[in-house]
Amino acid sequence: MNIWVIRSLWILGAVALITEMFLLANPRHRVPPPSEWETFEAGRFSIRKPKRFRAGDVVFGRLFGNLADILATEDVGFYRGRRTGFEVYFRPLLDTSNPLNQMLSQSNPNVRLDWASLMRKRHDERLAALRDDPTYVDFKELKRSMVTVRGVRGIRSDYEYVLPHPIPLFNMRVRGYLFTAPLSEREVIHIHAYCPASSYETYQKVFDQMLATLTLKSQGGAP
């Protein structure tokens, strides 16, 4: 192949990459008006979300194909591409795989459990899972605080990581937060929200609106 053809293809590829990364790093994001939101019904909760966010499996990142798949699961994520998401997890407060914890969970009046410590432990475990994920490069917890959402006090950790690219110049910094709150003496809920750092100020408002509309069904309490 002619050397000039090879160079031209390389230049076109480089321009395409630069254009893609520019658009991703400098998106025209805005908080969508009420007409661009819709109610989403999952197996355990309902939520108001922007129509452009698609429902998916939080474990595999698979977008659901039909309503039956959505209603059959508890954990659901809402995504706009690979770099922006709002995920809802339900996890036991106690490690039920431990026989001792199973015994303690049966309302033993002679045993007093530190529920606040257990919630912190679940939060730290979820944060550690994010930190250990190989796709979360240079993961850092920026701030930890206690926040109240709809009358329930929970733990929030703001974090940052780098989304790597084969060309280091195009690495993207991502910001997000993990929120953990108790649902009962047996269960906690995790909210995991993230987006490119350049659009975090706008998307945080979207995430806060979504969290404010999340309503649990009869299986659990309100977050």
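**Close-up views of a predicted model**

**View 1. The buried residues of helix α5.** In this predicted model, the residues of α5 that are buried are Tyr200, Tyr203, Val206, Phe207, Met210 and Leu211. Around the helix axis they cover an arc of only 135 degrees, which puts them on the same side of α5. An α-helix has 3.6 residues a turn, so residues three or four places apart point the same way. Helix α5 comprises 14 residues, 200-213, and at 1.5 Å a residue it should span 20 Å. The C-alpha atoms at its ends are 20 Å apart, in agreement with that expectation.

**View 2. The open sheet.** Seven strands, paired in the antiparallel sense, make up an open sheet with the order β3-β4-β5-β9-β8-β7-β6. At the edges stand β3 (54-56) and β6 (137-149); each has a single partner strand, so one side of each is left without a neighbour in the sheet. From one strand to the next, the twist averages 20 degrees.

**View 3. The pairing of β7 with β8.** Strand β7 (residues 152-163) pairs with β8 through nine bridges, and the sense of the pairing is antiparallel. Strand β8 itself covers residues 172-182.

**View 4. Helix α4 across the sheet strands.** Helix α4, formed by residues 115-132, lies across β5 (85-92), β6, β7, β8 and β9 (187-196). Relative to β7, the helix runs at about 10 degrees.

View 5. Threonine 180 is placed in strand β8. With a relative accessible area of 0%, this residue is buried, since the term applies to values under 20%. Its side chain makes a polar contact, at 2.7 Å, with the side chain of histidine 123. Leaving aside residues up to four places away in sequence, threonine 180 touches Met119, His123, Gly154, Ile155, Val188, Ile189 and His190.

**View 6. The whole chain, for orientation.** The secondary structure of the chain comprises five helices and ten strands. Of the 223 residues in the chain, 39% are buried. When contacts between residues at least 6 apart in sequence are considered, 57% of them join residues at least 24 apart.

Methods
Residues numbered from 1 in each chain as written. Predicted model: local features only at pLDDT ≥ 70, side-chain atom pairs only at ≥ 80, totals over all residues. Heavy atoms only, no water. Helix = DSSP H or I, 4+ residues; strand = E, 2+ residues; numbered from the N terminus. Expected span 1.5 Å × (residues − 1). Buried < 20%, exposed > 50% of the residue type's maximum accessible area, 1.4 Å probe, protein only. Arc of directions from axis to C-beta. Polar contact = N/O pair within 3.5 Å; in protein donor to acceptor, adjacent residues only side chain to side chain. Contact = heavy atoms within 4.5 Å. Pairing = 2+ DSSP bridges. Axes fitted to C-alpha atoms, helices over the stretch in contact; angles between N-to-C directions.
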